[in-house]
Amino acid sequence: MPKSSEEATKKLAKLLIENPKSKVIFMVGAGISTSCGIPDFRSPNTGLYHNLSKLNLPYAEAVFDIDFFKETPKPFYMLASELYPGKFKPSKFHLLMKLFQDKNRLHRIYSQNIDTLERESGICPEYVIEAHGSFAENICIECNRLYKRDVFKNKLKEYEKNPKDENLARCEECDGLVKPNIVFFGEDLPRRFFENWDSDLEEMEEEGSKEQLIVVVAGTSLTVYPFASLPIEVPKTHHRSLINREIVGDFLQEPRKSDIIIKSHSDEAAQIIAEELGWTTELDTLMEEFGILETVVAVKDELESISKGLNDLTIKDENGTITKKNNQELRKCTSEASNGSDKSNGDHITNVKDEAMPTK
């Protein structure tokens, strides 16, 4: 870690030490899970969208598009079989957040991640707001009936055994498709996300709360709304810190003098924060308990298997069966534009166009 980043990390730790009654609101993205073996979405050469862009999809994000899923659910099944919870262990940063909970220093975690690794690390679900949903439960896309996690998981196992069969999860009530309760492009974010954020904003706006709530943003490109608006809405009386390889979002566009910018991987920062707070032994113990001291899963092999499966995919349409559709043919299966869903009203998950690859 560069010296400047190390000094910034120690500055954040000092802020926490000098305010022993303060609690942290974490806002996290895919970057905190890359060391677990899960690819992030945005990275130009290794990100999930970069790799999916090579496959037979109209555009990479189509795999998370609700209209495309209705017409062509199998690409998501292929992706889910590789990313499904149980294959990955928490990162050092996840376990640091667990320590914040154990030390009564955690106020809330707003997560863009669908991997459930906050839960897997032992953080109580009441603290975690999964802004984009997760694999933790399932929902019918037609009647919104909720199903337990095993419903989709069992169907996924059937699909993995024989991908050519129509082993899709169906609703008992309306026969609609059942999927993990992940927010696809074009779907509304959970009500819990907005309710808790409104409550936290009210608390931060109360007189005397300046040093009681500290915001730490980590591992996110801040390009997906409405999640990207959270740091913007943090009152200027409160400290914000960004832990990221690049300066992004409001930290770049409207920087504040009190911002603490840590340009590093989240795990590197987690180690220094733990050292400065005197939590190193406890962090090491947690890592040993989870068995995450060794190397992580090889992402390349996982993505190659996704690519092979999707290239061999047979997709049915109204006129019969088409195998290995090209991009032009697949584009007809969805009504969405090539940069993802654009039917947003502030409650939907949407992308912001920039020169880099879009991020979910």
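The protein has 14 helices and 13 strands. This is a predicted model in which local features need pLDDT of at least 70 and side-chain atom pairs count only at pLDDT 80 or more, while totals for chains, interfaces and linings use all residues. Residues are numbered from 1 along each chain as its sequence is written, and side-chain values use heavy atoms, with hydrogens and water left out.

Me: Why is S266 called buried?
Reply: Buried means under 20% relative accessible area, exposed means over 50%, and partly exposed is in between (1.4 Å probe, protein chains only). S266 has 4% relative accessibility, so it counts as buried. This serine lies in helix 11. Leaving out residues up to four places away in sequence, S266 touches G31, I32, F93 and I243, where contact means heavy atoms within 4.5 Å.

Me: And how much of the protein counts as buried?
Reply: Of its 360 residues, 55% do.

Me: Why is helix 5 described as largely enclosed?
Reply: Buried residues make up 10 of its 11, so the rest of the structure largely encloses helix 5.

Me: What makes a group of residues a nonpolar core?
Reply: The set must consist of buried Ala, Val, Leu, Ile, Met, Phe, Trp, Tyr and Cys residues joined through side-chain atoms within 4.5 Å. The largest such core has 35 residues, and L12, F26, F93, F100 and I243 have the most contacts inside it. Elements giving two or more residues to this core include helix 1 (3-18), strand 1 (23-28), helix 5 (92-102) and helix 12 (280-290). Helix 5 gives the most, with six residues. Apart from this core lies another, of 31 residues, among them Y59, A62, M78 and A80.

Me: Which residues does F93 contact, setting aside neighbours within four places in sequence?
Reply: F93 is in contact with F26, V28, I32, A218, I243, S266, D267 and A270.

Me: How do you know that strand 1 is paired with strand 7?
Reply: Two strands pair if DSSP finds at least two bridges between them. Strand 1 and strand 7 have six bridges, in the parallel sense, and V24 has I214 of strand 7 as its bridge partner. Strand 1 also pairs with strand 2 in the parallel sense, over five bridges. Here F26 is bridged to I109, and M27 stands opposite Y110. Five of the six residues of strand 1 are buried, so strand 1 is largely enclosed by the rest of the structure.

Me: Why do strand 3 and strand 10 count as edges of the sheet?
Reply: The open sheet has six strands in the order 3-2-1-7-9-10, with parallel pairing. Strand 3 (128-130) and strand 10 each have a single partner strand, so one side of each lacks a neighbour in the sheet. From one strand to the next, the twist averages 15°.

Me: Which strands does helix 1 touch where it packs on the sheet?
Reply: Helix 1 touches strand 1, strand 7, strand 9 (240-244) and strand 10, and its direction makes about 135° with that of strand 10. Helix 8 (residues 191-205) also packs on the sheet, touching strand 1, strand 2, strand 3 and strand 7.

Me: Why are helix 4 and helix 7 called roughly perpendicular?
Reply: Axes are lines fitted to C-alpha atoms, for helices over the stretch in contact, and angles between N-to-C directions run from 0 to 180 degrees. Under 35 degrees counts as roughly parallel, over 145 as roughly antiparallel, 65 to 115 as roughly perpendicular, and the rest as oblique. Helix 4 (residues 74-83) and helix 7 (residues 149-161) pack at about 100°, with axes 10 Å apart, and are therefore roughly perpendicular. Residues making the contact include F76 and M78 of helix 4 and F152 and L156 of helix 7.

Me: What makes N104 and T116 worth a look?
Reply: N104, in the loop between helix 5 and strand 2, has a positive phi near 60° and is not a glycine. T116 likewise is not a glycine and has a positive phi of about 65°. T116 is buried, with a relative accessible area of 1%.

Methods:
Helix = DSSP H or I, 4+ residues; strand = E, 2+ residues; numbered from the N terminus.
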